[in-house]
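Me: I would like to go through this model by question and answer, with the cut-offs stated wherever a term needs them. Shall we begin once it is displayed?

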Amino acid sequence: MPVALTVNGRTTPAAAGSTLFECAEALGIRVPTSCLTNGKCKECVVEIAEGMAILSPPTAAESHLKAPFRLSCQAELASESGTIRCHTMRRGQMRIERHGLQVPAARSPLTPDPAVTRGGDGIRGILIDGVEIAQSSSPIHGLAMDLGTTTIVLRLFNLESGEQIADASFENPQRFGGSDVMSRIRYDTEHPGKLLRRTVAGYVTHAIEEFPVDPATIYEMVVVGNSTMRDLFFRQNVYSIGQTPYRSITEIEMADGKRSSTSLVETGRRCLLPIHPRARVYGLPIISGHVGADAAACMLAVDIAHEDRLVAIMDIGTNTELIVGNRHRILAASCPAGPAFEGGAISCGMPALDGAVEDVRLDDEGRFTLGVIGDSTPQGICGSGLIDVLSELRRTGRMNEMGRFEDGADRVVLDAGHDIYLLESDVNELAQAKGANVAGLRTVFSHYGLDLEDIDVFYLAGGFGRHLNVDAARRIGLIPNLPDDRIVRLGNAAIEGASIALLSRAKRLELETTVTRVEHCRLETHPDFFDFFVFGCQFLPV
Ligand code: FES
């Protein structure tokens, strides 16, 4: 009986001796590659969910990978029978936020004022900031990229009309280096060869090549991402971001007077991308520490530099980023919340993929009704589902504010048939993640000298904020207890900000100034931080 091989949810019988790469191709699944499947490009990584033992041993080309990751061109089926389940780093069903929703800047049309213009000695000249870099009569294109720890979003624009032509989104393939920024920093430090960056460059290259324009007509690219993602992409040493006081090398150099901005500039060629070799690749400035260029892009998207009202922007993730202020004063902080709200470290936790429970209701008889992404069989619970469960348990009195189940059991079973449950120890993990977020909020407001109820607009940024149930999040105290009309879900504000920076030189320059006046609050130095944290661990409205 041949091996039953499942790749990205598609199953086929497969014979011993074939590679996972060959099997995936036979299933019609394109595995990213830039080599002749000879182990050189390192792009064809797959994650093995089942059946590692019936694959050939890792080859020398895979020395940079640990279980459960393999290079699909190297891993051969070494048995005549058994089951293997794996997926590529480009799962199609991942839910990725490609747009901003209620982004203030997106509502008022922007007059394109790009850094790339036409002119010089003739109509064919292509100039960047007035310096000719090429001659061409083809349209001028530009790219905006939000390089997230988990997902990557690209937008292609015609820079002359400001029109968006195409977009693309996919999972960040650096997952083999760990799921959070600290793991990636460790991986990059321990493995020579800039493998994380090379892998991303390979995937971005494939995405660019699929766009309906000649890549050589792309003359500028704006990159946003947290400090680690951005600096990895620009080949910076990220070691210092992982060590207290958590500073990007650009921040250290700026403090030493060696540079005037934390923004980064490279050429297309040096970034290993197929865009014009002399194209400018511009990394937006970071704010400070882990509050990176994605947070700076969010500031641009909500136009905080011209805002009179007091606004708070919260991007909940493994490192929650917070920005609070208006045109007079802006404070920022990052809260090391950990992966619990992304399903990490939770028994039945999983990312927001097909099969994730995202919506939970509990009736008076204690019966759960579950909403599952893709309307498929429940396989686990994602972040928004976890918030719903906690909220429903609190609403019905089945869990106290300390996170203890009132019936004395160690678990709450959501779906016995599919073995979906929440342990009291999971609640503990979620309490600590929430405690870090609340402590961050309270610390920033304490620095500001204001209360949470003074917030005029509370923006929830990012994919997580986009899908969470606001009532549930308020009930358990993950977000401030503000009325509906003061809470706005932004969606992917970072890609909106990156697009604005690409299309408007004036806005980009303005942001360079705005970030320098953001005051960074280092949470651990606030005398009340521990008290804020302990309070935040309780499931009570804040
Ligand atoms: S296809 Fe290039 S390393 Fe496997």
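Me: Is Gln236 buried or exposed, and what is its relative accessible area?
Reply: This is a predicted model, in which local features need pLDDT of at least 70 and side-chain atom pairs count only at pLDDT 80 or more, whereas totals for chains, interfaces and linings use all residues. Residues are numbered from 1 along each chain as its sequence is written, and side-chain values use heavy atoms, with hydrogens and water left out. A residue is called buried under 20% relative accessible area, exposed over 50% and partly exposed in between, with a 1.4 Å probe and protein chains only. Gln236 is therefore buried, its relative accessible area being 17%.

Me: Where does Gln236 lie, and which residues is it in contact with, leaving aside neighbours within four places in sequence?
Reply: Helices (H or I, at least four residues) and strands (E, at least two) are DSSP runs numbered from the N terminus, and Gln236 lies in the loop between α5 (227–233) and α6 (249–255). Contact means heavy atoms within 4.5 Å. With neighbours within four places in sequence left aside, the residues in contact with Gln236 are Lys194, Asp231, Ile249, Thr250 and Leu264.

Me: Which residues have the most contacts inside the largest nonpolar core?
Reply: A nonpolar core is a set of buried Ala, Val, Leu, Ile, Met, Phe, Trp, Tyr and Cys residues joined through side-chain atoms within 4.5 Å. The largest one has 63 residues, and its largest share, 7 residues, comes from helix α4 (residues 195–210). Phe233, leaving aside neighbours within four places in sequence, is in contact with residues including Met145, Leu147, Val200 and Cys271. The residues with the most contacts inside this core are Leu154, Met221 and Phe233.

Me: How many residues are in the second, separate core?
Reply: In soluble globular proteins, nonpolar side chains tend to be buried together. The second core is separate, and among its members are Leu386, Leu422, Leu423 and Tyr448. Its size is 62 residues.

Me: Why is helix α7 largely enclosed by the rest of the structure, and which residue just after it takes a positive phi?
Reply: Helix α7 (residues 293–302) is largely enclosed because 10 of its 10 residues are buried. These buried residues include Asp294, Cys298, Met299 and Leu300. Just after α7, a positive phi of about 55 degrees is taken by Asp303.

Me: Is Pro336 buried or exposed, and which residues does it touch, not counting those up to four places away in sequence?
Reply: Pro336 has its place in strand β17 (residues 330–336), and at 60% relative accessibility it counts as exposed. The C-alpha atoms of Pro336 and Ala433 are separated by 7.9 Å, although the two are 97 residues apart along the chain. Not counting residues up to four places away in sequence, Pro336 touches Thr318, Asn319 and Ala436.

Me: How many Å apart in space are Ser384 and Met399, C-alpha to C-alpha?
Reply: Ser384 lies in helix α8 (residues 383–395), where it counts as buried at 4% relative accessibility. Ser384 and Met399 are 15 residues apart in sequence, and their C-alpha to C-alpha separation is 18 Å.

Me: What share of the residues in the protein is buried?
Reply: The secondary structure comes to 14 helices and 25 strands. Along its principal axes the C-alpha trace spans about 80 × 70 × 40 Å. Of the 542 residues in the protein, the buried share is 58%.
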